[in-house]
Amino acid sequence: MDLRVEHEIHKRRFSRNAGLGLVLAAFVALVFGITVVKVNIIGDVPEAYNASRGLTNEGASE
Amino acid sequence: MRPSKLLPLTDPEARTRAVDAAGSSQRGTDMSDMSADKSITSGFEYEAGFGDYYALLKPRVMSLVVFTAFVGLMVAPVSVHPFLAFVSILFIALGGGASGALNMWYDHDIDAKMKRTMNRPIPAGKVTKEEAFGLGCALSGFSCIMLALAANIFAGLFLAFTIFFYVVIYTMWLKRLTPQNIVIGGAAGAFPPMIGWAVATGGVSIESILMFMITFIWTPPHFWSLALFTKTDYADADVPMLTVTHGRVATRKHILAYTIPLAIVTLGIAATSIGGWAYLITSIVLNALFIRGAVQILRRDDAAAEADDYKVERRYFKLSLLYLFLHFSALLLEAGLKSFGWGGF
């Protein structure tokens, strides 16, 4: 079996794998970021809801 | 088996055969298939790099999608969290790229025949059409779902409709059927600012429809001017471009016929909530230049155009790029000025 290294193919294969790895890492970071932002936005809703009824968060929890 | 490097093939027919053969040789692994393709796979094997797949997403078209979607999002009256705005634009761009990959998958035969497109990844033998189809489908579903999650369901559905419109209505159905193909195709490219607006507001409005109209009416004269100075390409590929079906004189008339309503629409936007003095002045200047260019094109015949290597047509084409960019830039400027309490009238 010929184990000769074919540089051009290996180079392209590496670029493809490295690119895909970076894309996946970026995707994880994006989903994490979206989650943090969404949770923060949703976290504001009860405050707004309470405020519309003249309550504070402390008062609502009691 | 991977497709061989097909770059040396300069004959369009040979390129088309080679691309088809590369796809079929991947599906079948028996020796008869391999020997049948021996004439074209006798070179060294080619393995696509990351950049080849990226090229499938039509990065230049994607930049237009990103810019107009960004403007649509920024001029909307509802503010969006900066990170959500960023990822929304990213997924809109990805959806645009996915439709580009599907377009290249379906059009690989005619791409191999046109000088402008014969170096795209599939006709160049860098990526198989099956790979392009898979990438396009995967990214389409992914981008729409992620946009729906990041922004809202309406924006996600709107992106899905845009991809469907571009791939099925334009690429598969009308592109090879009617000389008005570019008019229909222009609609697909015009949706991004509406999607950007939908990301912020969750709906549509007169402003977003007018932003759609800018690119929609701008696309035909932009491409027809291109078709005038790349005249043999579309005929070679049997694409019923207006220059082929109705002649070049009719095309010159059509360019002016679209330039005038385009001026009306772009000037009309100045009167909406996203317009203002800065936009109005920009639009007046650009429309004056654009109409002048269209009139010059109308007054010329092909003999005069060939004499100076389509100088006027090329200038109009370049101006059209600037025209679109500066109109959307002016809208962005107005939005920026308004945030300081200035823009508008």
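In the predicted model, chain A has 62 residues, of which 0% count as buried. The secondary structure of chain A amounts to two helices, with zero strands.

Contact between the two chains involves 11 residues of chain A and 12 residues of chain B. On the side of chain B that touches chain A, two or more residues are given by each of helix H4 (50-56), helix H6 (82-106) and helix H8 (129-150) of chain B, and the largest share, three residues, comes from H6(B). When the residues of this side of chain B are divided by class, seven are nonpolar, three are polar and two are charged.

Within chain B, the domain assignment gives domain 1, covering residues 1-202, and domain 2, covering residues 205-345. The contact between these domains takes 29 residues from domain 1 of chain B and 24 residues from domain 2 of chain B. On the side of domain 1 of chain B that touches domain 2 of chain B, at least two residues are supplied by each of helix H5 (59-75), helix H10 (181-190) and helix H11 (192-201) of chain B, and H10(B) gives the most, with eight residues. By class, this side of domain 1 of chain B comprises 17 nonpolar, seven polar and five charged residues.

Definitions and conventions
Residues numbered from 1 in each chain as written. Chains lettered and ligands numbered in written order. Predicted model: local features only at pLDDT ≥ 70, side-chain atom pairs only at ≥ 80, totals over all residues. Domains from an automatic or database assignment. Contact = placed C-beta atoms within 7 Å. Helix = DSSP H or I, 4+ residues; strand = E, 2+ residues; numbered from the N terminus. Nonpolar A, V, L, I, M, F, W, Y, C, P; charged D, E, K, R; others polar. Buried ≥ 20, exposed ≤ 12 C-beta atoms within 10 Å, placed from the backbone.
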